[in-house]
Structure formats: structure tokens, C-alpha cells
Amino acid sequence: MVLPSHPRYESLMLRAKMVEAYKNGILSDSGLIAHGRGEAFDYLIGEKTSLNAGKATQAAAAALILAEYPVISVNGNTAALAAHEIVELNKRLNAKLEINLFYSTPERIKNIRKVLEEAGALEVLGLEEETVSITGLKGPRSESSKIGVHQSDVVLVPLEDGDRAEALISNGKFVITIDLNPLSRTSQKASITIIDNLVRAIPHLIIEVDKLKKMSKIELRSIVNSFDNQLNLQDSMELIVQNLITKED
Ligand code: PTJ
């Protein structure tokens, strides 16, 4: 048994949650590996929300509030780690929730739908509705719901794969991602990248949405326009370098 005093306690608890989600047919086998990569980057950023992640979260909240047709895309890792929080965020934004899987199987879609519905989701897209292929992508992951991602102006895609993120941008979407790796293609290509663990980023996003909802459109636009994703990613990389120099445990 891992004691709460263990320095990696929270990280190990999350790992156990992912193993459980894999056994329950929610997470793909590659999702476990992706989580391990995330763990390594989380360790390097200090396992806490950085100042620059806070700035990106604020800009993401502003963009999502301003959106005319916001959509939150859910994959296995997101459902396993933050189903309740994603559903809560979705309700605050009056957004659409769509299941989009890289390693798609009818069984996993069914299981993820159940997790989201149990977390309180009233409508889940990505199941039976008509789909449209995202230009520039091939295969099952190119399909997106006609009344979901296809119609969106702003899309939140946590832990997205690089090809899909790039294709969404080329299709004119404003793409917000959450990814612990500032070097990933998704991080580099997205309109706004939150370099933080999904389990910290979504609750912070909910708090920011609540705060910013009182602001005018002009103020919100100014927050989005003054955000520079490349500069923010650079800050995350500098944080990692600093931590590598000074880290003790
Ligand atoms: O559920 P599916 O079938 O859609 O598959 C989802 C995965 C994540 C397996 C798929 O999209 C994939 O292969 O993703 P990648 O290309 O491995 O990218 C995952 C990214 O998420 C990596 O850059 C990881 O560092 C990052 N990551 C992993 N865990 C977390 C994370 N970022 C934020 N929070 C995490 N908890």
C-alpha cells in the first residue's frame, strides 16, 4: 500500500486509476503509455500548475466563453482522469461534448459514454449522429460529429494527437489543448496550449470560466489577443530546464 506521505503519492494514485480504466475498457493500451509520458513531463514541471499554465488557462477560458459553438472532445485518458470535471466544465460553457477516439472501438465508445453519463452528461456526441470527415485526415479518427466538432468554432481537445490537432487548425478551428509536453506537435500547433496535468487544468479552467464570465466581450477578446502561445511554451521549457538544474527529490 502506498502511504499519503510518499512523495509520488498523488502520481501513483492516478496511475492506479489509469490501470483500472484500462481494465474497464475505457483506456486504450497506448493510453497507458501516453500517461507514462505525461508523468515524466509532470515530474519535470514540478507536479504543480505553473504561472504560465495559469496564463494559458485564463486565455483558454476567455476563448471558450467567447465561442459561438464550443465543443469539448473526450478521449479515453480524459474520461478516465476527469469525467466529472469535464462534464461540469461543459455545463458551465453550454458546450457540446463529443467522444473522439484515436484507437476507436464500439466497445470503448460505449464504455466512455457510460462514464460521462454517470458523471452527469445529458448529451454525448460521437455515437450515432451523422459524421463529416475532417479535411486532411484519413481513417476513422478523421470523422467528427456533424453537430459537434465539425460545426465548432472553438474546440477543447485535451491530449490530442498531432495529426488531428494540425488538421483541426487547417479546418479553421480555434484549438485549445492540455498537454504536459511543451514539445509535442499538438502543443506546438494549438492556438492555446495549457502545459499542465489534465487533473489540475480542468478544475482551474472551471474556476477561470466562473471568474471571467462577468467580463465584457471586449475584455475577453483582449485576454485572448494578448496571449502568445509560442512565448508561453518557451516559458514552460525554461521552467523544465530550471527544474532540471535545481531538483532535489
Ligand atoms: O483514447 P484514445 O484512443 O483517443 O487515445 C488517446 C491517446 C492519448 C492514447 C492518443 O491520443 C495518443 O496517442 O496521444 P499521444 O500522441 O501519445 O499524446 C498524448 C500527450 O498527452 C503526450 O504529449 C503526453 O505527454 C500528454 N499527457 C499524458 N498524460 C497527460 C498528458 N497531458 C496532460 N495531462 C495528462 N494527465
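Visitor: Where is N181 found?
Guide: The model is a predicted one, and in it N181 belongs to the loop between β6 (174–178) and α7 (185–189).

Visitor: Is N181 buried or exposed?
Guide: N181 has a relative accessible area of 12%. The cut-off for buried is under 20%, so N181 counts as buried.

Visitor: And which residues does N181 touch, leaving out those up to four places away in sequence?
Guide: N181 is in contact with F41, S187 and I195.

Visitor: Back to β6, then. How many of its residues are buried?
Guide: Four of the five residues of β6 are buried, and the strand is mostly covered.

Visitor: What is the order of the strands in the open sheet?
Guide: The five strands are arranged as β2-β1-β5-β6-β7, and the pairing is parallel. Two strands stand at the edges, namely β2 (96–99) and β7 (192–194). Each of these has a single partner strand, so one of its sides has no neighbour in the sheet. From one strand to the next, the twist averages 20°.

Visitor: How many bridges join β5 and β6?
Guide: Three bridges, in the parallel sense. Within this pair, L156 stands opposite I176 in β6.

Visitor: What about β1 and β5?
Guide: Strand β1 (residues 70–74) pairs with strand β5 (residues 154–156), also over three bridges and in the parallel sense. Here I72 is the residue opposite L156 in β5.

Visitor: Which strands does α4 lie across?
Guide: Helix α4 lies across β1, β2 and β5, and runs at about 170° to β1.

Visitor: Which helix is I86 in, and what does it touch?
Guide: I86 is part of helix α4 (residues 76–93). Not counting residues up to four places away in sequence, I86 touches I72, V74, T78, L97 and I202. One of these, I72, is the residue noted above as standing opposite L156 in β5.

Visitor: Is I86 buried or exposed?
Guide: I86 is buried, because its relative accessible area is 0%.

Visitor: How far is I86 from P182?
Guide: Their C-alpha atoms are separated by 22 Å, and the two residues are 96 residues apart along the chain.

Visitor: Let us turn to helix packing. At what angle do α4 and α8 pack?
Guide: The angle between α4 and helix α8 (residues 198–212) is about 5°, and their axes are 9 Å apart. The two helices are therefore roughly parallel.

Visitor: Which residues meet there?
Guide: From α4, the contributors are N77, T78, L81, A82, E85, I86, E88, L89, R92 and L93. From α8, they are L198, V199, I202, P203, L205, I206, V209 and D210. By class, this contact has twelve nonpolar, two polar and four charged residues.

Visitor: And how do α3 and α10 pack?
Guide: Helix α3 (residues 51–66) and helix α10 (residues 229–246) pack at about 155°, with axes 9 Å apart. The cut-off for roughly antiparallel is over 145 degrees, so α3 and α10 fall into that class. The crossing of α3 past α10 is left-handed.

Visitor: Which residues make that contact?
Guide: N52, K55 and A56 in α3 meet N232, D235 and S236 in α10. The classes here are one nonpolar, three polar and two charged residues.

Note on methods. Residues numbered from 1 in each chain as written. Predicted model: local features only at pLDDT ≥ 70, side-chain atom pairs only at ≥ 80, totals over all residues. Heavy atoms only, no water. Axes fitted to C-alpha atoms, helices over the stretch in contact; angles between N-to-C directions. Parallel < 35°, antiparallel > 145°, perpendicular 65-115°, else oblique. Left-handed = near helix turned anticlockwise from the far one by under 90°. Contact = heavy atoms within 4.5 Å. Nonpolar A, V, L, I, M, F, W, Y, C, P; charged D, E, K, R; others polar. Buried < 20%, exposed > 50% of the residue type's maximum accessible area, 1.4 Å probe, protein only. Pairing = 2+ DSSP bridges.
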